[in-house]
Amino acid sequence: MSQNPKASPNLPWIPRLLMTFLAFLVDLTRRPNITVNRRLFNLFDFKAPASKKPNNGVATSDIKVDPSRNLWFRLYTPETHGGGGGACMPVVLYFHGGGFCYLAANSFSFDRYCRRLARELRAVIVSVNYRLAPEHRHPCQREDGVDVLKFIDETNIENLPAYANLKQCFIAGDSAGGNLAHQVTLGAIEKKFRKLKIVGLIAIQPLLGGEERTESEIRLQKSTLMPMHRTDWMWKAFLPQDSNRDHPATNIFGPNSVDISGLNFPATMVVVGGFDPLQDWQRRYYDGLKKSGKEAYLIEYPNCGHSFYVHTQIPESSLLIEEMKNFIGLQSAYQ
């Protein structure tokens, strides 16, 4: 592996500014006692309203699952253009990033990103608003994701279009959401669904870790978004009390991991950036899948840091969508 002394890639000024501000805001609102100043963070976490009238080719609606725990999802439905163009679209259950502790399904950046995914992938996107840590620790987020799957499987959802093919369901997420995509897939394997079938998993720069300090974590410890001191805090907020970073929700193929070799685990696409401190853990995740006998694909972008995918100014964000489209098309063709 090449040793690049730089801690961050060369970026257009808008993504650089946004990443720097988000890192500053997270550090400003995370407290040493592992709590979050939500009132302050929410002042700057601008929300996008749902729009039943198509906006840039995609309509959105918010669907309540369990109001008692504020569990809901935002549904993104692309417009069809006559001629049966929407006869069959895959469904992507999406988990947003934010270190398990920040942001929401209707945060402006993720609303824009999921709208783009729906439009360019030609897929129905279900963006889950799961509970946040540290108020709700693992496995709450996994339970929320599995419950949304059960809700979709068992409920006649008014705004779910007829062209949404539940037999071509993908679980996807970025950063912390990439971790949750794996956890939810594990939980869903144990369930029997009537209408829904999970055929693929897309983990975009998943937030993973362990007690060990990897070469990339040390080399890129001055990275903008995911330096070790910040991810250490996130693990303390997310994991059950008195757990360490070798917990199976962190170190998925570590010493305490769940053996998935005998499970019907779906094909998985793992996305890695060359300036992401987490890249060594992400490659170990891919290697663990392969060693467990699972179909897995490693997609690498050497010049990209963490969260590049949400910034349209970064060319690799478009390349990634093409890779996602190819993966979804390949796995859908098998069904």
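At what angle do the axes of helix H1 and helix H7 cross? The points below take this pair and then a second one; the model is predicted.

1. Helix H1 covers residues 13–29 and helix H7 covers residues 228–238. Their axes come within 12 Å and cross at roughly 50°. That angle makes H1 oblique to H7. The crossing in which H1 passes H7 is left-handed.

2. On the H1 side, the contact is formed by Ala-23, Val-26 and Asp-27. H7 contributes His-229, Arg-230 and Met-234. Sorted by class, the residues of this contact are 3 nonpolar, 1 polar and 2 charged.

3. Helix H4, residues 140–154, is 15 residues long. From its first C-alpha to its last it reaches 21 Å, close to the 21 Å expected at 1.5 Å a residue.

4. The buried residues of H4 include Cys-140, Asp-144, Val-148, Phe-151, Ile-152 and Asp-153. Gln-141, Gly-145, Val-146 and Leu-149 are also buried, and these four are among the H4 residues that meet helix H5.

5. H4 packs against H5 (residues 176–189) at an angle of about 60°, and the two axes are 9 Å apart. The two helices are therefore oblique to each other. Their crossing is right-handed.

6. Which residues of H5 does H4 meet? They are Leu-180, Gln-183, Val-184, Leu-186, Gly-187 and Ala-188. From H4, Arg-142 takes part along with Gln-141, Gly-145, Val-146 and Leu-149. By class, the contact of H4 with H5 has 6 nonpolar, 4 polar and 1 charged residues.

Definitions and conventions:
Residues are numbered from 1 along each chain as its sequence is written. This is a predicted model: local features need pLDDT of at least 70, side-chain atom pairs count only at pLDDT 80 or more; totals for chains, interfaces and linings use all residues. Side-chain values use heavy atoms; hydrogens and water are left out. Axes are lines fitted to C-alpha atoms, for helices over the stretch in contact, and angles run from 0 to 180 degrees between N-to-C directions. Angles under 35 degrees count as roughly parallel, over 145 as roughly antiparallel, 65 to 115 as roughly perpendicular and the rest as oblique. A crossing is left-handed if the near helix is turned anticlockwise from the far one by less than a right angle, and right-handed if clockwise. Contact means heavy atoms within 4.5 Å. Ala, Val, Leu, Ile, Met, Phe, Trp, Tyr, Cys and Pro count as nonpolar, Asp, Glu, Lys and Arg as charged, and the others, Gly among them, as polar. The expected span of a helix is 1.5 Å times one less than its number of residues. Buried means under 20% relative accessible area, exposed over 50%, partly exposed in between (1.4 Å probe, protein chains only).
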